[in-house]
Amino acid sequence: MRPIIYLSLGFLLQLTRAQAFTLNNSAAIVFAHDEVSVNIASNNCSNIGIDETELLSIVADAVDSYWNKSPTSRLKLRAGIVSSQLAAFKTGLICNANTSCDPNPTLAVSSGVLITCNNNSSNFSSNAVLAVTVPNNISGNTILGSLIMINDQVGNVFISKSRAEKVSIIAHELGHTFGLGHSPVSDSLMYYSTVSMRKSLGADDIDGITYLYPKQQPVTCGTITEKNNPNSWLGLLIGIGFISLLAGLFDKIQLRYLKLRPRV
Ligand SMILES: [Zn+2]
């Protein structure tokens with residue numbers, strides 16, 4: 001019975017370790033550059049309880065605590081600047097058609113990531129929707145710019161979140177900006193609903209960003225070193241035995257020499 005239990009546990013562990021990140025498109029679009037700035041549209045946030053300077057500080061924590069900690073990917077996100085943008089970023093539609101997003105060309109982000117507050121109810125199916133994101137300036141398979149809209153309507157839920165939760169929410173949306181979709185693995189930043197409970201990237205998040213932005217590494221020689229080699233231990237024991245033998249002989253010679261010496 002016990003082996004069956006062990007086998008079942010092993011199978012369940014394999015299931016919970018399933019890696020299943022998704023992309024937010026079918027073409028695996030990516031940013032062309034390894035460094036991407038995340039900027040904030042100024043004077044657009046009225047109802048989320050923080051100003052744009054604090055939002056930029058949250059962005060800095062989001063990139064440092066999450067995506068920039070991935071050890072196997074080359075993409076580095078940087079907190080950028082607060083800059084003036086068209087009024088349409090506060091009031092406009094992110095997509096002209098919501099079923100399959102046809103990005104609104106008026107809001108095309110020229111480069112990197114732009115975060116704006118927005119109060120157009122058509123962008124958010126309910127106030128429980130914290131934010132919406134889309135890469136909205138694409139050339140071929142390259143993302144030139146992506147837009148994050150935070151729900152800034154009166155009654156939004158974003159305002160009630162703790163700072164740490166806001167950091168993880170922004171980190172989740174940043175995942176969408178550079179090409180990731182949702183993960184079905186609940187232990188992931190990119191899981192659709194537990195984002196506010198996350199403190200770090202999950203294995204699935206790291207797999208996703210590494211798939212899109214693998215770190216370049218030169219060809220190196222692979223080696224393997226044997227640890228605890230029984231032959232090494234045998235050699236050590238023989239060595240200790242030999243030294244002990246020599247020490248014993250030395251003692252005998254020394255005793256004999258002392259016996260022969262005149263005592264005073
Ligand atoms: Zn999402």
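Student: What percentage of the 264 residues of the protein count as buried?
Tutor: This is a predicted model, in which local features need pLDDT of at least 70 and side-chain atom pairs count only at pLDDT 80 or more, while totals for chains, interfaces and linings use all residues. Residues are numbered from 1 along each chain as its sequence is written, and side-chain values use heavy atoms, with hydrogens and water left out. A residue is called buried under 20% relative accessible area, exposed over 50% and partly exposed in between, with a 1.4 Å probe and protein chains only. By that rule, the buried share of the 264 residues is 38%.

Student: Among contacts with a separation of 6 or more, what share comes from residues 24 or more positions apart?
Tutor: A contact here means heavy atoms within 4.5 Å. Of the contacts in the protein with a separation of 6 or more, the share from residues 24 or more positions apart is 74%.

Student: Which residues supply the protein donors of the zinc ion?
Tutor: Donors are N, O and S atoms within 2.8 Å of the metal (3.2 Å for Na, K and Ca), and since water is not among the atoms, sites may look incomplete. The donor residues are spaced H-x3-H-x5-H in sequence. Each donates through NE2, at 2.0 to 2.1 Å from the zinc ion, and the residues are His172, His176 and His182.

Student: Is His182 buried, partly exposed or exposed?
Tutor: His176, another zinc donor, has 12% relative accessibility and therefore counts as buried. For His182 the relative accessibility is 38%, so this residue counts as partly exposed.

Student: How far apart in space are Val132 and His176, C-alpha to C-alpha?
Tutor: Val132 is placed in strand S5, residues 131-139, and with 18% relative accessibility it counts as buried. Leaving aside neighbours within four places in sequence, Val132 is in contact with several residues, including Ile94, Phe124, Met149 and Glu173. Val132 and His176 are 44 residues apart in sequence, and their C-alpha to C-alpha distance is 9.1 Å.

Student: To which backbone nitrogens does the side chain of Asn156 come within polar-contact range?
Tutor: Asn156 sits in the loop between strand S6 (142-151) and helix H4 (163-177), and at 5% relative accessibility it counts as buried. A polar contact is a pair of N or O atoms within 3.5 Å; within protein, one must be able to donate a hydrogen and the other to accept it, and residues adjacent in sequence count only if both atoms are side-chain atoms. Not counting residues up to four places away in sequence, Asn156 touches Asn47, Ile48, Asn127 and Asn151. A polar atom of its side chain lies 3.1 Å from the backbone nitrogen of Phe158 and 3.0 Å from that of Ile159.

Student: How many aromatic pairs does the structure hold, and is the pair of Phe21 and Tyr211 stacked, tilted or edge-to-face?
Tutor: Rings of Phe, Tyr and Trp (its six-membered ring) pair if their centres lie within 6.5 Å, with planes under 30 degrees apart counted as stacked, over 60 as edge-to-face and the rest as tilted. The structure holds four such pairs. In the pair of Phe21 and Tyr211 the centres are 5.5 Å apart and the planes stand at 45°, so the pair is tilted.

Student: Which residues form the aromatic cluster that includes Phe178?
Tutor: Phe178 and Tyr213 form an edge-to-face pair, 5.8 Å centre to centre with 80° between the planes. Phe178 lies in the loop between H4 and H5 and Tyr213 in the loop between H5 and helix H6 (230-260), so the pair ties together parts 35 residues apart in sequence. Phe178 is buried at 0% relative accessibility, and Tyr213 is buried with a relative accessible area of 0%. The one cluster they belong to is formed by Trp67, Phe178 and Tyr213.

Terms used:
Helix = DSSP H or I, 4+ residues; strand = E, 2+ residues; numbered from the N terminus.
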